[in-house]
Structures are given as C-alpha cells and as structure tokens.
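Biologist: Could you take me through this structure? I would like to begin with the terms.

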Amino acid sequence: MAAQSPEEKPIVSDAEMLARFQNSSKRPPCSDTLGMRLSEINQTNKTIRMDFEVPDMFANPTGAVQGGFIAAMMDEAMSTCCIIASNVTMTAPTLEMKTSYLRRLMPGPAHVEARIVKWGRSAAFMEAECYDDAGKLVAKATATAIPMPFKRLS
Amino acid sequence: MTTTPDRDTYWRQILTNGTMPPATHFLNFRLIDLNVEDGWCEGSFLLAEQATNPGGNAQGGFITAILDEVMSIAGSIVQPPPAMSPTLQMTTSFIRPVPVGAPLKARGQIVRKGRAALFTEGWLWDENGRLLAQATASCVPKSLA
C-alpha cells in the first residue's frame with residue numbers, strides 16, 4: 001500500500017514518460033471531454049505541454065469558450081505537471097487557482113504550457129498559459145496544491 | 001434606461017426560456033432566483049460524468065465554470081439589458097471535493113458595481129448546504145445594445 005518516494009522509483013526518459021501517459025488506459029473522463037492530448041514533457045524543467053480540441057459545447061452566449069473551461073484546460077495541465085514532478089508517485093489536488101482572461105478563445109484547437117514553480121513537501125505552486133490556434137496568449141493561471149501519495153496496491 | 005420591473009422580467013425570461021448557450025446547458029443550469037437591484041443570482045447545477053477527474057470527483061475547471069456562470073449573471077443583471085460582464089480575472093478556492101451527478105447550488109453576487117469595473121463573488125454548496133467552493137472575480141460591464 002505504501003507509495004514509493006520519487007527517490008526510490010526509477011527515472012524514465014521524457015519520451016518514455018510521455019508514451020506512458022499517452023497510452024494510459026486510466027484516462028479520466030474530464031481529459032476526453034476537453035479533447036486533451038499530452039504532447040511534451042520535460043522532467044528536468046518540470047514543464048509540460050498539452051494540446052486540446054475544445055468542443056462547441058463549451059461556448060458561452062458570444063460563441064467563445066466559457067472561462068471556466070479554459071480554467072479546466074489549465075487545471076488539467078498543472079495537475080499533470082505535479083504528477084510528473086513527483087515521478088508519478090503523487091497527485092496534488094488544487095487548493096486555489098487564479099486565472100486571467102486576456103483574449104477570447106473560440107472552440108477548436110488550443111494548447112497549454114504548464115510548469116512547477118515550487119515543488120515542496122507540503123505545498124506545490126504551479127503556473128500555466130493557454131494559447132489559441134494562432135499562438136496568441138489567451139489566458140494565464142497560477143495555482144497552489146497539496147502533494148499527496150497515490151493510493152496504489154503495488 | 002429600463003426600469004427595475006422591466007429589467008427583472010427581461011433577465012428572468014432570458015434565463016428560463018429554454019434556449020441556453022452550450023456551456024450553460026452542459027452545466028445543467030436551472031435558475032432558482034435572482035435580484036436585479038441587489039445583483040445576485042442563485043441556480044442549481046448538475047455536473048455530468050464527463051467532468052470526472054482521476055479522483056472520481058469534479059475537475060476544478062468545471063467547478064470554476066459553474067461559479068463563472070452565476071457570477072457572470074450577477075454582473076450582467078445589474079446593467080441595462082442587453083449586457084454581459086466578461087471576466088478579467090477569477091480566483092477559485094476548492095474547499096471540498098465536488099461530486100459529479102449530484103445536485104449543486106451556486107450563488108453569484110455583486111460586491112461592487114463601478115462604471116468601468118464590476119467585482120463579484122460566488123459560492124457553491126452541495127444539497128446539504130456544505131460549502132464546496134468559493135470564488136472572487138473582476139469583470140467589465142459591457143452593453144450589447
């Protein structure tokens with residue numbers, strides 16, 4: 001039952017880690033709902049990139065993506081960044097998240113870059129940016145989370 | 001300038017006429033009540049299984065989406081219609097895990113209505129009245145007339 005510490009667990013290459021995430025059978029429903037695909041991992045820098053295909057069902061009355069769903073994309077990226085920063089030994093439920101909406105985002109392709117600002121024993125600090133299909137910055141976010149060991153059976 | 005009864009009727013009609021925007025529909029919003037003078041709105045919501053995170057609860061962004069709905073309504077209804085209140089910045093505190101597939105209640109409220117800026121607050125509760133999440137936001141008033 002005891003979770004492995006990041007020190008005990010063997011480190012795999014970025015490419016292998018990326019393949020494990022991309023081929024995972026335990027993909028949560030929210031990832032599919034957001035059309036999420038993890039596309040880059042850098043374990044040294046504790047950064048990731050996620051590509052999204054935002055469905056029309058997240059449009060607000062103006063036809064743009066409702067802000068909460070932009071937050072959902074960035075939360076997804078920052079949370080995954082925490083799992084990778086712990087070498088897949090921990091998850092980090094978000095305590096608080098602040099999002100700045102700089103431009104409107106239309107449904108369709110978008111991507112998020114996320115990074116760990118500080119990975120501590122009792123708290124993690126993350127940042128993320130969301131870009132539209134043309135590469136324009138549409139939103140920025142910061143968040144705090146509490147790292148917790150995965151409950152696993154191995 | 002519309003009078004208060006007109007504004008009240010306008011917004012109640014918009015929010016209950018059954019033709020909701022896709023995001024509002026996804027969140028299963030139903031208007032509970034609103035007050036255009038005091039600038040608050042309460043609604044019930046239900047998150048679909050599609051919002052589930054790896055822990056089996058609602059992913060944080062979907063919680064933010066619910067709060068953004070009621071807070072944006074609060075920011076819109078204090079203005080002469082048609083109007084909206086695009087969110088500039090929003091902070092959400094995830095106080096307890098939020099269940100999917102269970103009824104939720106949210107309230108959005110104006111804190112200050114300025115000429116160039118609106119400040120809003122929001123709360124999300126489960127059906128037993130336990131506070132699950134809380135948010136604050138800054139918005140801009142935007143007339144669509």
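Modeller: A residue is buried if 20 or more other C-beta atoms lie within 10 Å of its own, exposed if 12 or fewer, and partly exposed in between, with C-beta atoms placed from the backbone. Strands (E, at least two residues) and helices (H or I, at least four) are DSSP runs numbered from the N terminus. This is a predicted model, in which local features need pLDDT of at least 70 and side-chain atom pairs count only at pLDDT 80 or more, while totals for chains, interfaces and linings use all residues. Residues are numbered from 1 along each chain as its sequence is written, and chains are lettered from A and ligands numbered from 1 in the order in which they are written.

Biologist: Which side chains of strand β2 of chain A are buried?

Modeller: In β2(A), residues 47–54, the side chains alternate.

Biologist: Which strand is joined to β2(A) by 8 bridges?

Modeller: That is β5(A), residues 108–119, which runs antiparallel to β2(A); two strands pair if DSSP finds at least two bridges between them. Val112(A) is the bridge partner of Met50(A).

Biologist: And how many residues lie between β1(A) and β2(A) in their hairpin?

Modeller: There are 4, and Lys46(A) in the turn has a positive phi of about 55°. The two strands are antiparallel, with 5 bridges.
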